[in-house]
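Dear colleague,

Please find below the structure that I am handing over to you for your work. My findings follow after it.

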Amino acid sequence: MSIVIIKPGILDTIQDLGRNGQGSFGINPGGAMDRLAARLANVLTGNHLNEAVIEIHYPGPQILFEQDALITITGADFTAGLNDEPLPLWKPVLIRKNTVLQFPVLKKGARAYLAVHGGFCVEHWLNSYSTNLKAGIGGWKGRRLEKGDELFFRESNCRIADLFKSENNFQLLPWSVNPYSFYKDLHEVLFIPGHEWNELTSKSKHDLSSSTYTIHPSSDRMGYQLRGNLLHLEQKKEMVSCAVSFGTIQLLPNGQLVILMADHQTSGGYPRIGHIISPHLPKLAQLNPGDSLQFRPIDIITAESFLLSQHNELQILYRACEDRLKKLYADCRP
Amino acid sequence: MNEYTIFAIGDSAITIDFGNYISESLNKKVMAMQSWLHQNSFEGLVDIIIAYSSLSIIYDPAVLASKNNISKPVFEFVKQKLTDAYHLSSVQERDRIVKRIPVCYDESFGPDLGFISSEKQIKMDEIVYLHTSITYRVYMIGFQPGFPYMASVNERIAIPRKDKPRQLVAAGSVGLAGIQTGVYPLDSPGGWQIIGRTPFKLFDKTKPNLLIMKPGDQVQFYPVTMKEFSRLSNRRS
């Protein structure tokens, strides 16, 4: 019941929806950059929403399956293939043992997610499977996946082998999710103006909502460094440290912007220009260095109703997936 | 009554802020509000994060919105909780044991001692004396697991952060930033002026009670020699 990393990717880590409730200890939530894709990978596979998944960056890994498995790949399109046969994204797939999953070409996006039915047996630390690379804890030995790592997954009460209807290496299950509405207008994100927004010069306010910014190559899971028109406050401001969140847009002393991402520090002392709304963080997580980005303001009340309507939409999807899986299990019960 | 502002820091997080001050009384108020909120918790509360003079709540709007007795927007509900916490919490004076932390102020551990000495026209011995003669308050933990923000250092050694952060500051390094002093629990990049190193582990992932310093703690540093540093390191590991 395991997979083996034959060849590691540039940054493959175990993630879930984050390590919450530890902010006052300086321990950040971490977790999947694209929480929507991570959730949907689990839902399509019949796992709990917060089950551990592998977050894959490009170039991706080569993974040997030592056991039949039910998997789903979501998020970025790295042209996933099983023994050179292409696999669809956002669709559960039964795969046979002794096959190799790989991600040869970057087509679109920045982070792919792999969920395995049953979930991975990995380290649970402070209520989360997420890998905290800085502290070296959680997930798989607190580090990125390396060659030879063998990750076990939990036994399922459903015999995967019985579900195959042919001799093929893999078999698609007859349902999928269309995620495109969630990633519509990929390069445009909405933000709630931050506490220091009103201290920006009027030119700076105008620049932020009308010009284009580019993601700098130094960007990573901690934060996206942006390049574009420099912004300025009316008056320089010294601030004491205060809590920040996933999506906070900070103004650095040199006038450049940084968007805090999943591995952000728990506190920061730079002016808060705005906060990207959480339904748009998945879009951001799928942008690569060099990609452009445009910002549009939205107020907190509208942002909240947007979040709630997306949540309801997802609930309907989850239930539909659950129903399909229940039927499938009924078919394979002895 | 203190002046405060309450504002969103995202669609799932909110802050009450008492201004840009490092003040013991504000920090005590913030801690009192945190314990009030723990006692008067609500479903959908994800985290409470305290800082120098602010408190933030991370919440799950979907969980809150599913409750029949909470009207939308739920932002207003959480905002009201913060207002309640402000008015209904009371500061409890507690006796705190002073935690004594050994620091080796050898120049090999404190690469910025020379700079501070020439910048502030002060002998290195005196920097050590001034740094160890005050009992500091831990105001908050932030930046990285277990990093204590402490204040206030003697004005004579108060020095701004480095213009360019170091790529690597060793775990245990003790630094200065303005009137703040802190200790790096992990190897990491950092911009504070480094004056020494403690052999104590501030963050040990193998220990269940994670942190040896918490907000509200009193901390005093004491100087140790290189030899004592090694002895203490071996004992702790």
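**Contact between chains A and B**

Chain A contributes 36 residues to the contact, and chain B contributes 43 residues. Please note that the model is a predicted one.

On the side of chain A that touches chain B, the elements giving two or more residues are β16 (242-243), β20 (272-276) and α5 (300-332) of chain A. Of these, α5(A) gives the most, with 7 residues. By residue class, this side of chain A divides into 16 nonpolar, 16 polar and 4 charged residues.

**A sheet in chain B**

In chain B, an open sheet is formed by 7 strands, whose order is β5-β13-β6-β7-β10-β9-β12, with mixed pairing.

Strand β6 (residues 136-141) of chain B pairs with strand β7 (residues 148-151) of chain B in the antiparallel sense, over 4 bridges. As for individual residues, B:Arg137 has B:Ala151 in β7(B) as its bridge partner.

A helix also packs on this sheet: α5 (residues 124-132) of chain B touches β12 and β13 (218-223) of chain B. The direction of helix α5 of chain B makes about 150 degrees with that of β13(B).

With kind regards

Note on methods:
Residues numbered from 1 in each chain as written. Chains lettered and ligands numbered in written order. Predicted model: local features only at pLDDT ≥ 70, side-chain atom pairs only at ≥ 80, totals over all residues. Pairing = 2+ DSSP bridges. Contact = placed C-beta atoms within 7 Å. Axes fitted to C-alpha atoms, helices over the stretch in contact; angles between N-to-C directions. Nonpolar A, V, L, I, M, F, W, Y, C, P; charged D, E, K, R; others polar.
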